[in-house]
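Trainee: Could you take a close look with me at one part of this model, the place where its helices pack against one another? I would like to know which residues meet there and what surrounds them.

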Amino acid sequence: MQAWKEYQEKNKDKFLNELLELLRIPSISSNSANKEDMRRCAEAVKKSLLEAGATTATVYETAGHPVVYGEKIIDPSKPTVLVYGHYDVQPPDPLNLWHSGPFEPVIKDGKVYARGSADDKGQFYMHVKALEVLTQSNSQTTNIKFLIEGEEEVGSPNLGDFVASHKDLLKCDVILISDTAMISMENPSIDIGVRGLAYIQVEVTAANRDLHSGVYGGAVANPITILAQMIASCHDANNHITIPGFYNDVIEPGQEERNLMAQAPYSEDEYKKDLGVEELWGEKGFTTNERTGIRPTLELNGIWGGYTGEGAKTVLPSKAYAKISARLVPNQSSENITELLLNYFRKIAPTSVTVHAENLHGGEPYMTPIDSLAYQAAAKAIETTFGKKPVPVRGGGSIPICTILERELGVKIVFMGFGLDSDNLHSPNEKFDLANFYKGIETIPYFHQYFAELNKA
């Protein structure tokens with residue numbers, strides 16, 4: 001609608017400046033030192049919802065970080081859309097690899113660089129501004145609710161309890177999430193599923209203290225060496241995961257879905273160039289898109305131990321640690337895979353060391369039906385603003401709360417992400433293209449219009 005476009009164009013600088021203010025808050029949910037920043041960010045989200053047109057907005061306490069809820073109900077008889085997002089962000093480490101401060105947003109080459117710019121502050125804020133566009137043009141066609149949490153990056157440990165105890169508050173007809181990516185602005189896509197997650201930490205201990213590597217080297221096990229050997233045993237020469245039972249519940253994709261995925265635009269040369277690698281690595285027998293969407297994976301997220309400071313220190317460390325995550329696909333269970341991983345590392349450890357393995361967090365894989373009214377509304381909205389039908393794809397990331405939201409509220413989820421895989425999510429120099437940010441604000445009102453229309457048909 002012309003009114004939407006005119007209002008957005010008139011206020012685009014205001015929209016961006018508001019986002020930059022949100023990005024300046026270091027809302028790192030995994031770091032206890034940022035507890036007050038988390039609360040400050042929750043209050044900022046509440047304020048932005050009210051200023052955008054929400055009739056009510058509240059910061060709710062949980063056993064962890066707060067949840068922000070807001071709504072604008074225009075007519076109880078009309079369909080209700082619940083927008084889910086998260087205001088917490090990943091830690092910015094390693095800081096020395098950032099070209100600018102992670103919480104000092106910088107605009108460069110049409111992109112905003114800051115932690116949380118694409119994951120997920122920039123993306124959920126598109127919905128806040130879309131509400132403002134609808135409010136100011138008096139053209140809202142659905143009831144809109146917001147559920148913006150502060151613990152997604154640590155597995156949403158308290159959101160399930162909040163949702164279960166606030167079902168009436170969160171009652172809706174569909175859940176709309178922008179926390180995913182699309183292929184490109186030239187080739188828009190919609191994620192029809194996300195992978196699950198099992199995330200563990202392993203601690204290997206040898207001697208009861210750090211030792212002199214000359215005096216004791218060769219006589220006592222080095223826990224870093226042992227841990228490296230244990231990790232290396234998890235894959236075979238074909239990069240197939242060797243942990244017994246890991247693939248037992250995997251639903252193998254049919255040839256029809258694999259053919260559909262093959263139609264998505266993809267250039268291996270561009271992919272490698274963007275990542276700065278000479279050769280790709282992955283499970284034999286599957287394409288890159290299949291490896292990152294329909295296949296489970298096991299990755300080492302961090303490993304440390306011994307001396308890592310400047311200069312030399314010839315130490316034989318007492319302990320070594322690793323953080324390890326598995327991305328899961330239907331029909332895998334995060335609980336089952338977590339136990340499988342924990343038991344595997346405990347079992348294969350030689351008697352020269354002891355192993356302590358613990359669960360950090362996890363979540364289930366999720367698939368959304370492409371024949372739902374919500375998916376049709378999302379696809380039609382994207383086609384309207386991009387001029388091209390979106391390609392259905394499977395996302396490689398995880399949104400742990402999805403299965404809990406569907407189970408507790410009894411409705412389906414549709415993903416409408418406007419980020420890009422190249423946005424450096426969870427990495428230094430995270431970015432969000434301003435063109436994508438503005439395109440999201442332009443597109444989202446059409447989703448509400450089409451979802452209302454399809455529910456009338």
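Mentor: Gladly! Helix α1 passes helix α3 in a right-handed crossing; right-handed says that the near helix is turned clockwise from the far one by less than a right angle, and left-handed that it is turned anticlockwise. Helices here are DSSP runs of H or I with at least four residues, numbered from the N terminus. The axes of α1 (residues 2-23) and α3 come within 10 Å and cross at roughly 140 degrees. Such axes are lines fitted to C-alpha atoms over the stretch in contact, with angles from 0 to 180 degrees between N-to-C directions.

On the α1 side, the contact is made by W4, Y7, K14, F15, E18, L19, L22 and L23, and on the α3 side by K121, G122, F124, Y125, K129, E132, V133, L134 and Q136; contact means heavy atoms within 4.5 Å. By class, these are ten nonpolar, two polar and five charged residues. Ala, Val, Leu, Ile, Met, Phe, Trp, Tyr, Cys and Pro count as nonpolar, Asp, Glu, Lys and Arg as charged, and the others, Gly among them, as polar.

Before going on, a word on the basis: this is a predicted model, where local features need pLDDT of at least 70 and side-chain atom pairs pLDDT 80 or more, while totals for chains, interfaces and linings use all residues. Residues are numbered from 1 along each chain as its sequence is written, and side-chain values use heavy atoms, leaving out hydrogens and water.

Now for the other partner of α3. The axes of α3 (residues 121-136) and α14 (residues 434-456) come within 8 Å and cross at roughly 55 degrees. That makes α3 oblique to α14; angles under 35 degrees are roughly parallel, over 145 roughly antiparallel, 65 to 115 roughly perpendicular, and the rest oblique. This crossing is right-handed. From α3, residues including Y125, M126 and V133 meet a set in α14 that includes F437, I441 and I444. The contact has nine nonpolar, five polar and one charged residues.

Beyond its neighbours within four places in sequence, F437 is in contact with F15, L16, L19, G122, Y125, M126 and F432. In the largest nonpolar core, of 63 residues, Y87, F437 and F447 touch the most other members. Such a core joins buried Ala, Val, Leu, Ile, Met, Phe, Trp, Tyr and Cys residues through side-chain atoms within 4.5 Å, buried meaning under 20% relative accessible area with a 1.4 Å probe, protein chains only. α14 gives the most to this core, with nine residues.

Note on methods:
Helices (H or I, at least four residues) and strands (E, at least two) are DSSP runs, numbered from the N terminus. Buried means under 20% relative accessible area, exposed over 50%, partly exposed in between (1.4 Å probe, protein chains only).
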